[in-house]
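Please look over the sequence and the structure shown below, and then read the short report that follows.

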Amino acid sequence: MSNPIVVQIVLDKPLAQGFDYLWDEKKLGSLPKVGNVVEIPFARSKAIGIVIKVSAHSDYDFNKLKDVEKIAPLPPLDPALLRLMNFASQYYIHSLGETMLPTIPQMWKKAESWEKIPKILEDAKTKNQKNIKALTSEGFVAKDQLNLEQKNALECLDHPNRGFRAILLQGQTGSGKTAVFLNWLAEILSDKNAQVLLLVPEINLTPQLERRVRAYFPEKKMVVLHSGISEKKRGIAWYEAMTGEAQIILGTRLAALTPMPNLRAIVVDEEHDTSYKQQEGTRYSARDLAIWRAHDQRIPILLASATPSLETWMAAKDGRYESIRIDRRAQGANLPKVHLINARDPQNQFSPGDEKAPKQKSLITKTLAKAITKNLENKKQSLILINRRGFAPVLSCGSCSWLSKCTQCSTYMVMHKSGMFGKKAVLNCHHCGLVRPIPSFCPECGDADLKTLGHGTQKLEDAIEEMWPDARVLRVDADASRKSKGAEELFQKIHDGEVDIIVGTQMIAKGHDYQNIGLVAVLDADSRLYSADFRAAEKLFAQLVQVAGRAGRSGKEDQDGGDIYIETQYPEAAVFQYLLRHDIDGFLAYTANERDEAKLPPFSYQGLVHAEAKSLEKAIEFLNALKGRLKSQGFMTKELKVYDPVPKAVMRVAGSERAQLVIESSNRKMLQEALEFVDQDLRRDSQGRISKTTRIRWLIERDPIAI
Ligand code: ADP
Ligand code: ZN
Ligand code: ZN
């Protein structure tokens, strides 16, 4: 008998290593290859796994090893992808199997349907040929139509050196970045086999962009990958990417992990967008992985944004990335005028006798109401933005500008009604863990009128209907826009001018080209600015710039840029002052300085340990014990801080309560080692990621984007 073949296989399970199986060449009809997707017997059932090693040895008794049963009708995953997965697994402290298997579409993980797959692919091909969409020239700007700035940008991109380059393309919304990078990709795609990856943040961005990209590459095969398409469609698209049949891969974060054997360039549009961060499973940043991938595969990557993330902006400033700018709006429209409405100022408020004064106290000030009325009279649309996520609010004084700022660090303390600190409500800093009783009086001015920020958005629609009974009001909520069809319909309504006032979350402000919005209003800016999250100002600024970009986008040369109204009790805040001047670099420089002083990211690196338990006390206790072990093992040093555990901003989720522990270091390697220790330490008493003794569910997160 010839030597048996042993393969090591990883599964979608929180297990540190792979499992050995035997490979029967005769039965399976081929030799094993690293990257093969296979079906194996596991426990008392079957599982799908990926071959990560082939050898003739096993530490186990051959007689105890089971046989691989089936191979998926797929080429093996390519070595570049395997390197990427290995890196992601190590960096994000998640097992290789758990990192790889969720990136494979369901269709390829159902062994019982593997026989039917050739037919599915065949059908898809003929259907595709029949369905080649009528091409529009929507948004198509040919190379020779680019303006001077765009031409220069394209020239900078078009480098003879085809190795790794990371390039930041910075320019206001509407400055023509998309037109530049699509022309760049067109040049790369003149090589017949080349593939390019275009990452976008949200699924509701894809339909419009999809048409636009298609207009550039009528003769190329493009596939779209995001979670809003059917499993079958996704399965086929992924297959076409992995076989090189598709040249253009347009998708959301999960597309960054697609096998693409001939990948030649990557574009990450709106690179600052937080939806690039995966929030479950392996909590990767698709942008960061895309950069790693480009580096590893020695190809260029372009990061485009009007408001780059501080990380990327700093890298461009330090010369680690190249930097290209376009500064004018492509179609010549002016930037919108920003108005700050001081919500504290009585002049801006309704008085009871006023015409139009709403019955209930509303978030809309008199000044804003007047502007909306005028905008309606001008037959323009108004966009009113609100966010309605649950969060632990910051405490503020009604008379002066006092806010519950942490005395130990640069973040804001938030209110927790009851829980870990006895039955009393307290203020708690989510960064350093400081706990303080709720003051009865304002520490600055002595006033007793202390209240939490961010109340009252609920009643907004009622107020609007009451104040403008004749206006056609459209609500766009997250649920509607998540379904790509639903979103398309809503956006069409807006485009067709069937609505006058649109109320929605910032989602609606992203990426869409609206032609008739004359006014944008932001009502709850304060509660988004002052929160436990140290990135709150950066996120708000990016959103406001995006939103501002929606106003006055129309193409006429002398068009005024529209108006953006922000209601705030703190008009002097830096974020608003820089916005007023459209000074993006000024704001980023200011923020960089603040972070540097507080040694917060990107001037340090963070990891989080999440714990979820029946009660908050249990979760905190669990993390405290972990902190104790980190200390006794010598991990806590001058260069590595482990803070006190705190409740999460959204504390309660379906019957369980959640807490987190922040670990911070200026040294990446030290952080990595500490997190690896945490992983091993907690695994010792766990089944998967659930503690056997306490039943507490835990998870490690690297580079969190919200604290
Ligand atoms: P960004 O990606 O920076 O938001 P876009 O590339 O989407 O900007 O350009 C904004 C609008 O201007 C689009 O409708 C686009 O078709 C148009 N546009 C871009 N460049 C030009 C140009 N050189 N001439 C005319 N229109 C242009
Ligand atoms: Zn006060
Ligand atoms: Zn603090």
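Which residues in α2 are buried?

## Basis of the report

This is a predicted model, in which local features need pLDDT of at least 70 and side-chain atom pairs count only at pLDDT 80 or more, while totals for chains, interfaces and linings use all residues. Residues are numbered from 1 along each chain as its sequence is written, chains are lettered from A and ligands numbered from 1 in the order in which they are written, and side-chain values use heavy atoms, with hydrogens and water left out.

## Helix α2

In α2, the buried residues (under 20% relative accessible area, with a 1.4 Å probe and protein chains only) are A80, L81, L82, L84, M85, A88, S89 and Y91. These buried residues pack against α3 (96–100), α9 (286–297), α20 (668–683) and β30 (697–702), where contact means heavy atoms within 4.5 Å. Helices are DSSP runs of H or I with at least four residues, and strands are runs of E with at least two, numbered from the N terminus. Just after α2, I93 takes a positive phi of about 50°.

Because C400 lies in the loop between β15 (395–397) and β16 (413–416), and C442 in the loop between β18 (435–437) and β19 (450–452), the pair ties together parts that are 42 residues apart in sequence. Both C400 and C442 are buried.

Methods
Buried means under 20% relative accessible area, exposed over 50%, partly exposed in between (1.4 Å probe, protein chains only).
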